[in-house]
Amino acid sequence: MLNTAYGEAMARLSSSTNLPDNVKTPAYDRNALKPGIVHIGLGAFHRAHQAVFTQRALEDAFGPWGIVAVNLRSPEPVAAMEEQDGLFSIVVRGEGDDKAEVIGATVGWICAAENRAGVLDHLCGENIRIVTLTVSEKAYGLDPVSGGLDNTHPAVVADLANPHEPVGVLGFLVEGLALRRQKSVTPFTVLCCDNLPSNGHIVQRLVLEMAERRDPELARWISENGAFPSSMVDRIVPAATDETRARARYLLGVEDALAIETEAFKQWVIEDRFVSGRPRWEAGGALFVENVEPYEKMKLRLLNGSHTLIAHLGLMHGLEYVRDVMAVPQLRSLVERHMKAVLPTLDPVPGIDLADYTRQLITRFANPAIAHRNAQIASDSSQKLPQRIFAPASEALAAGGDAAEFAYVVAVWIAAVVQRMDCNDPRREEILDAARGSGAADPSASFLAIDGLFPDTLVNARGWRDRVNAELAKLAGLRE
Ligand code: CS2
């Protein structure tokens with residue numbers, strides 16, 4: 001280790017006796033760190049979240065929990081990791097002075113598209129006990145209607161056809177588990193960290209379904225011996241920009257291609273079901289619970305649901321960042337109204353006062369030091385709306401409510417797409433077809449007809465659809 005210019009610069013920094021107060025470096029011996037976790041999805045969120053919690057765990061109770069970071073497609077972050085000897089920095093903004101921290105928990109880095117065998121070697125290694133995932137909602141190949149495999153998802157199709165040469169996240173998990181079974185190595189624990197409800201159950205179901213298709217015995221072995229705890233993750237991490245890298249350079253005196261910036265807040269709630277142990281993530285503030293569901297619902301609906309509303313309001317009004325939307329009192333009160341409508345759809349959340357939680361969210365969204373682009377959050381809405389907006393809408397209707405607030409968010413989404421005749425979404429073509437087919441009499445009809453996007457409970461709720469149309473008419477009126 002430490003054979004690169006960046007590594008040397010970091011080593012100098014780490015051994016420096018007069019580090020400024022606002023710079024932290026890993027407080028453990030990186031050279032003694034052995035891999036124990038494979039993480040799939042080497043994006044900004046992972047670097048500011050699981051990697052930081054693991055750094056805290058290593059500082060508190062050092063053990064063989066180094067991270068091998070895998071990126072499925074893009075080789076760029078992997079090349080930067082190589083260049084920087086696995087070190088990167090985060091800049092925490094918004095609470096007093098900016099603070100930089102060098103994260104050293106990553107000990108391996110591989111691009112799966114370039115080195116599939118290398119990834120599989122790690123996945124079947126006895127030393128690897130946990131596989132964490134941040135691959136984004138759209139990567140799983142989840143059919144939102146059946147809750148099972150989407151047989152048209154390109155990675156699912158490829159991985160079913162060529163199970164020994166996986167390309168997608170499920171294919172890698174199943175092939176890794178199959179190799180472990182052949183070698184009589186216990187399964188790794190799969191810990192999903194994507195914003196999906198009951199994310200552990202979802203991934204378990206998809207993995208078992210794919211395994212079942214290739215070998216029912218493999219599926220049985222995974223189901224009997226594996227573990228898929230659900231987890232709720234939270235930290236606002238905007239995509240890095242030149243400014244991010246300039247800030248890191250200023251604080252550390254080193255050029256860091258992987259630098260990211262984030263807020264001070266971070267949260268991780270995890271079901272404590274691990275096959276062969278885990279790091280002491282509670283040292284970073286992780287909460288271990290029996291059942292993550294109430295926490296997930298709270299976060300997906302209050303934080304992510306509001307984010308989706310903010311993002312599309314931002315696009316409609318030409319506002320670039322979340323904080324810009326929050327700075328307009330009328331728009332901010334729409335966000336508050338949304339949160340108020342979500343609250344009755346939530347279960348009590350142990351240890352959390354929901355009124356405090358919503359107040360804290362408003363402050364987090366308004367954080368002037370965090371430049372979180374609305375366009376980033378608005379992307380992939382077809383993958384986000386179901387759990388953020390449609391699920392609470394359906395529940396509110398079932399409980400005898402009118403779900404008017406959720407009709408409003410759907411109208412804002414449709415209006416933002418129609419206004420721009422554009423969106424960044426894996427279902428872009430279908431959505432733009434719907435936008436082109438949106439007529440004055442029933443403007444939401446073409447969107448509600450997108451195959452399997454909206455649940456039947458909403459498609460068939462005539463009164464609710466009328467509300468979406470009425471909101472669309474008002475939004476169109478506002479623009480005239
Ligand atoms: C956001 C999330 O991009 C989005 O859809 O809502 O990435 C959000 O910032 C995180 O979930 C915060 O924990």
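At what angle do helix α8 and helix α9 pack? The angle is about 150 degrees, in a model that is predicted.

## Helices α8 and α9

Helix α8 covers residues 199-214, and helix α9 covers residues 216-225. Their axes lie 5 Å apart. On the α8 side, the contact uses Val207, Leu208, Ala211, Glu212 and Arg214. On the α9 side, Pro216, Leu218, Ala219, Ile222 and Ser223 take part. By class, this contact of α8 with α9 has seven nonpolar, one polar and two charged residues.

## Two domains

The domain assignment of the protein gives two units: domain 1 spans 5-289 and domain 2 spans 293-479. Their C-alpha centres are 29 Å apart. Domain 1 puts 29 residues into the contact, and domain 2 puts in 27 residues.

## The five-stranded sheet

Five strands make up an open sheet. The order is β6-β3-β2-β7-β8, with parallel pairing. Strands β6 (106-111) and β8 (189-192) are at the edges. Each has a single partner strand, so one side of each lacks a neighbour in the sheet. From one strand to the next, the twist averages 20 degrees.

Strand β7 (residues 130-133) runs parallel to β8, and four bridges join the two. Within this sheet, leucine 133 stands opposite cysteine 192 in β8.

## The four-stranded sheet

A second open sheet has four strands, in the order β1-β5-β4-β10. Here the pairing is mixed. The edge strands are β1 (23-24) and β10 (260-263). Each pairs with a single strand, so one side of each is left without a neighbour in the sheet.

How do strands β4 and β5 run? They run antiparallel, joined by five bridges. Strand β4 holds residues 88-93, and strand β5 holds residues 99-103.

## Helices α11 and α13

Helix α11 (residues 293-317) packs against helix α13 (residues 329-342) at an angle of about 150 degrees. Their axes are 10 Å apart. That angle makes α11 roughly antiparallel to α13, because angles over 145 degrees count as such. The crossing of the two is right-handed.

Which residues of α11 meet α13? They are Arg301, Leu302, Gly305, Ser306, Leu309, Ile310, Leu313 and His317. From α13 come Leu331, Leu334, Val335, His338, Met339 and Val342. The contact of α11 with α13 has nine nonpolar, four polar and one charged residues by class.

## Helices α16 and α17

Helix α16 spans residues 381-398, and helix α17 spans residues 404-420. Their axes come within 9 Å and cross at roughly 155 degrees. The pair is therefore roughly antiparallel. The crossing of α16 and α17 is left-handed.

Helix α16 supplies Ser381, Leu385, Ile389, Phe390, Pro392, Ala393 and Ala396 to the contact. These meet Phe406, Val409, Val410 and Trp413 in α17. By class, the residues of this contact of α16 with α17 divide into ten nonpolar, one polar and no charged.

Note on methods
Residues are numbered from 1 along each chain as its sequence is written. This is a predicted model: local features need pLDDT of at least 70, side-chain atom pairs count only at pLDDT 80 or more; totals for chains, interfaces and linings use all residues. Side-chain values use heavy atoms; hydrogens and water are left out. Axes are lines fitted to C-alpha atoms, for helices over the stretch in contact, and angles run from 0 to 180 degrees between N-to-C directions. Angles under 35 degrees count as roughly parallel, over 145 as roughly antiparallel, 65 to 115 as roughly perpendicular and the rest as oblique. A crossing is left-handed if the near helix is turned anticlockwise from the far one by less than a right angle, and right-handed if clockwise. Contact means heavy atoms within 4.5 Å. Ala, Val, Leu, Ile, Met, Phe, Trp, Tyr, Cys and Pro count as nonpolar, Asp, Glu, Lys and Arg as charged, and the others, Gly among them, as polar. Two strands pair if DSSP finds at least two bridges between them. Domain bounds come from an automatic or database domain assignment.
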